[in-house]
Amino acid sequence: MVPEASVLVAVLFVCLGNICRSPTAEGIFRAQVQAAGLSNRILVDSAGSHAYHEGESPDIRACAAALERGFDLSGQVGRQIKTSDFEYFDYILAMDRENLHFLQKMQPADSHSRVALFLDYAEGREGQSVPDPYFGHSDGFALVIELVESAGKGLLKQIGRNLPKIKT
Ligand code: 4NP
């Protein structure tokens with residue numbers, strides 16, 4: 001992750017292993033940001049709450065499902081969230097309630113990161129979790145993509161509303 005000098009908002013997606021849901025969110029939200037012409041303003045990254053898959057590429061099923069919809073997850077490398085992420089990222093968004101609770105416990109008292117569920121930004125899905133597809137069937141990955149696309153749209157709308165206020 002090499003932040004550009006012009007980046008105004010940094011977004012981190014967090015799931016358990018950082019090989020299925022959060023890399024999908026990273027890839028799709030980055031594409032949405034690019035389509036909106038905001039690539040140099042919004043930095044996107046992902047991490048796992050645990051280090052099980054540190055250094056690994058995203059799950060091949062996640063890559064295949066994303067590619068089918070035109071999203072490229074290749075080039076991403078799994079990593080675990082670290083305390084300094086709570087200094088850097090404006091938004092730290094959990095893919096499910098368990099990871100939300102993990103992040104809330106981990107967040108230092110002086111951190112200003114907005115820690116929330118990613119689906120709070122998906123219309124009609126507020127408070128819901130993105131189901132973990134790791135042990136399930138391949139259609140679980142298609143559902144992840146559908147939910148992430150919806151939440152990404154809502155998140156981009158919200159960040160876009162605030163961008164002029166943040167700009168100096
Ligand atoms: P993710 O999925 O949290 O969406 O990346 C999982 C990946 C790995 C494991 C569980 C969930 N695991 O138990 O190794």
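Predicted model: local features only at pLDDT ≥ 70, side-chain atom pairs only at ≥ 80, totals over all residues.
Residues are numbered from 1 along each chain as its sequence is written, and side-chain values use heavy atoms, with hydrogens and water left out.

Let me start with the sheet. Four strands, in the order β2-β1-β3-β4, make up an open sheet with parallel pairing; β2 and β4 (114-117) are the edge strands, each pairing on one side only. On average, neighbouring strands of this sheet are turned by 20° against each other, direction ignored. As for the terms, helices (H or I, at least four residues) and strands (E, at least two) are DSSP runs numbered from the N terminus, and two strands pair if DSSP finds at least two bridges between them. Angles run from 0 to 180 degrees between N-to-C directions, the axes being lines fitted to C-alpha atoms, for helices over the stretch in contact.

Turning to β3, residues 91-94, this strand pairs with β4 in the parallel sense over four bridges, and β1 and β3 also pair in the parallel sense over four bridges. L93 stands opposite A116 in β4, F13 stands opposite L93 in β3, and I92 has V115 in β4 as its bridge partner. In a regular strand, side chains alternate between the two faces of the sheet. Both faces of β3 are covered, with Y91 and L93 on one side and I92 and A94 on the other all buried, where buried means under 20% relative accessible area, exposed over 50%, and partly exposed in between (1.4 Å probe, protein chains only).

Now the helices. Helix α1, residues 21-35, lies across β1 (9-15) and β2, running at about 175° to β2. Helix α4, residues 97-106, packs on the sheet and touches β1, β3 and β4, its direction making about 165° with that of β4; contact here means heavy atoms within 4.5 Å.

Within helix α4 we find N99, which counts as buried because its relative accessible area is 4%. Leaving aside neighbours within four places in sequence, N99 is in contact with V14, C15, L16, R21, S49 and A94. The side chains of N99 and S49 are joined by a polar contact of 2.6 Å, that is, a pair of N or O atoms within 3.5 Å, where within protein one must be able to donate a hydrogen and the other to accept it, and residues adjacent in sequence count only if both atoms are side-chain atoms.

Which residues are around the ligand? They are C15, L16, G17, N18, I19, C20, R21, H53, D132, Y134 and F135, each with a heavy atom within 4 Å of it. An oxygen atom of the ligand is 2.9 Å from a polar backbone atom of L16, and the value of 2.9 Å is also found from a ligand oxygen atom to a polar backbone atom of G17 and to one of C20.

Finally, E56 sits in the loop between β2 (42-48) and α2 (60-68), and with 35% relative accessibility E56 counts as partly exposed. A polar contact of 2.8 Å joins its side chain to that of H53, a residue around the ligand. Leaving aside neighbours within four places in sequence, E56 is in contact with I19, Q76, V77 and G78.
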